[in-house]
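Below are a few exercises, each with a worked solution.

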Amino acid sequence: MPGGRLTQEDRRLIATLLKDGLGYAEIARRLGRPTSTISREVARNSGHSGYRAEEASRVTGERARRRKPRPRATPVVQNGYGRDPEAVRAFETDFAEMMVATGLPRMTSRVLSCLAVSDDGVLSAAELARRLQVSPASVSNAVAYLEAQAMLRRERDGRREQYVLDEEMPQRVWAESIRANQEWVKISRQGAEVLGPSTPAGARMDDLSRFHARINEVMLDDRVAVYASDALTVLAALLHARRALPVSALASALGWPEERVTGALRVVDEHPHIAGPVTVVRGGSLDGEYRAVPLVERLTGAQLAALGSLEA
């Protein structure tokens, strides 16, 4: 089982794969274990003749017999609900393992899972340390991470500090995710400008900014999907017209109120990823006229020259 102790069969397989010349990372992948587990196992149980699987199993068994039995973590079960403590304990572990698999640090996952299965969602550092059978320092580090991600908050109960997982947590996490995603959009757009969108690195940054802008659009307001559809329609109209048009002409041709056209143009400006390789610029003899143009900045000089020769 990944994350459990290595079995004698695991150790024999490690010895065989080492003889075949496989590295720690590949051996770890085949056994479904962290690379660090394999490297520590080999370092701890290697001699002049290399890694010794049988000796490793014997030494590990003796070490386990000498070690005092560790008390099991106390499940967070409230009295009066008639729950099965073992089922709660198993779910708490499964919940934490799921978060670890998605990238959250293990101790952070355990603390969050422990809070999540408590009915009031409030535990002190001492209570968390006791339930998880870990040091207060481990709890403190995990709490600091969760607080930075807006996944819990601190509060005082007299002189004791408590950690709270309340009903507003999803909204806080959502808002923090939006803020972080906006930073991705901002910095990747800056990168596209600095590197130049016609270069491979610049194009990569431009694509990245559009990707995060799309995510942010969905997270921020599902109504943007309606505006995005309008924006694409306005772009299609301008491309078909092949000339600059004022808002009034676009509104008349599309059968829309002018406010709807203006809103669509604003979306193109604020969410350039929607338009893809096309954008809208002001042009024409009258103020307020718009035309659709391709983003030729994404094309290299050689590509532009080649396309120009096709027109000739």
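**Exercise 1. Get your bearings.**
Work out how many helices and strands the protein has, and what share of its residues counts as buried.

*Solution.* 
- Before anything else, keep in mind that this is a predicted model.
- Step 1: count the elements; there are 15 helices and eight strands.
- Step 2: turn to burial; 35% of the 312 residues count as buried.
- Step 3: check how far contacts reach along the chain. Take the contacts with a separation of 6 or more; 51% of them join residues 24 or more positions apart.

**Exercise 2. How do α6 and α7 pack?**
Classify the arrangement of the two helices as parallel, antiparallel, perpendicular or oblique, and say which residues make the contact.

*Solution.* 
- Step 1: find helix α6 at residues 106-116 and helix α7 at residues 125-132.
- Step 2: get the geometry; the packing angle is about 105° and the axes are 11 Å apart.
- Step 3: apply the cut-off. Angles of 65 to 115 degrees count as roughly perpendicular, so α6 and α7 are roughly perpendicular to each other.
- Step 4: list who touches whom. α6 brings Arg 110, Val 111, Cys 114 and Leu 115, while α7 brings Leu 128, Arg 131 and Leu 132.
- Step 5: sort these by class; the α6 contact with α7 has five nonpolar residues, two charged ones and no polar ones.

**Exercise 3. Now try α6 against α8.**
At what angle do the axes of α6 and α8 cross, and how do the contact residues divide by class?

*Solution.* 
- Step 1: the axes of α6 and α8 cross at roughly 80° and come within 9 Å.
- Step 2: that angle makes α6 roughly perpendicular to α8.
- Step 3: on the α6 side, pick out Met 107, Thr 108, Val 111 and Leu 112; on the α8 side, Ser 138, Ala 142, Val 143, Tyr 145 and Leu 146.
- Step 4: by class, the contact of α6 with α8 gives seven nonpolar, two polar and no charged residues.
- Step 5: zoom in on Leu 112, which sits in helix α6. Its relative accessibility is 5%, so Leu 112 counts as buried.
- Step 6: skip the neighbours within four places in sequence, and Leu 112 is in contact with Met 99, Leu 104, Leu 146, Met 151 and Leu 165.
- Step 7: compare sequence with space; Leu 112 and Val 143 are 31 residues apart along the chain, and their C-alpha atoms are separated by 8.5 Å.

**Exercise 4. Trace the largest nonpolar core.**
Which residues of this core touch the most other members, and which element gives the largest share?

*Solution.* 
- Step 1: the core has 22 residues, and those touching the most other members are Val 234, Leu 235, Leu 238, Leu 250, Val 261, Leu 265 and Val 280.
- Step 2: α11 (224-241), α12 (247-254), α13 (258-270), α14 (272-275), β7 (278-282) and β8 (289-294) each give two or more residues to this core.
- Step 3: α11 supplies the largest share, six residues.
- Step 4: another core lies apart from this one, with 20 residues that include Ala 129, Val 143, Leu 146 and Met 169.
- Step 5: go back to Val 261. Leaving out residues up to four places away in sequence, Val 261 touches Val 247, Leu 250, Ala 251 and Trp 256.

Notes:
Residues numbered from 1 in each chain as written. Predicted model: local features only at pLDDT ≥ 70, side-chain atom pairs only at ≥ 80, totals over all residues. Heavy atoms only, no water. Axes fitted to C-alpha atoms, helices over the stretch in contact; angles between N-to-C directions. Helix = DSSP H or I, 4+ residues; strand = E, 2+ residues; numbered from the N terminus. Parallel < 35°, antiparallel > 145°, perpendicular 65-115°, else oblique. Contact = heavy atoms within 4.5 Å. Nonpolar A, V, L, I, M, F, W, Y, C, P; charged D, E, K, R; others polar. Core = buried A, V, L, I, M, F, W, Y, C linked by side-chain atoms within 4.5 Å. Buried < 20%, exposed > 50% of the residue type's maximum accessible area, 1.4 Å probe, protein only.
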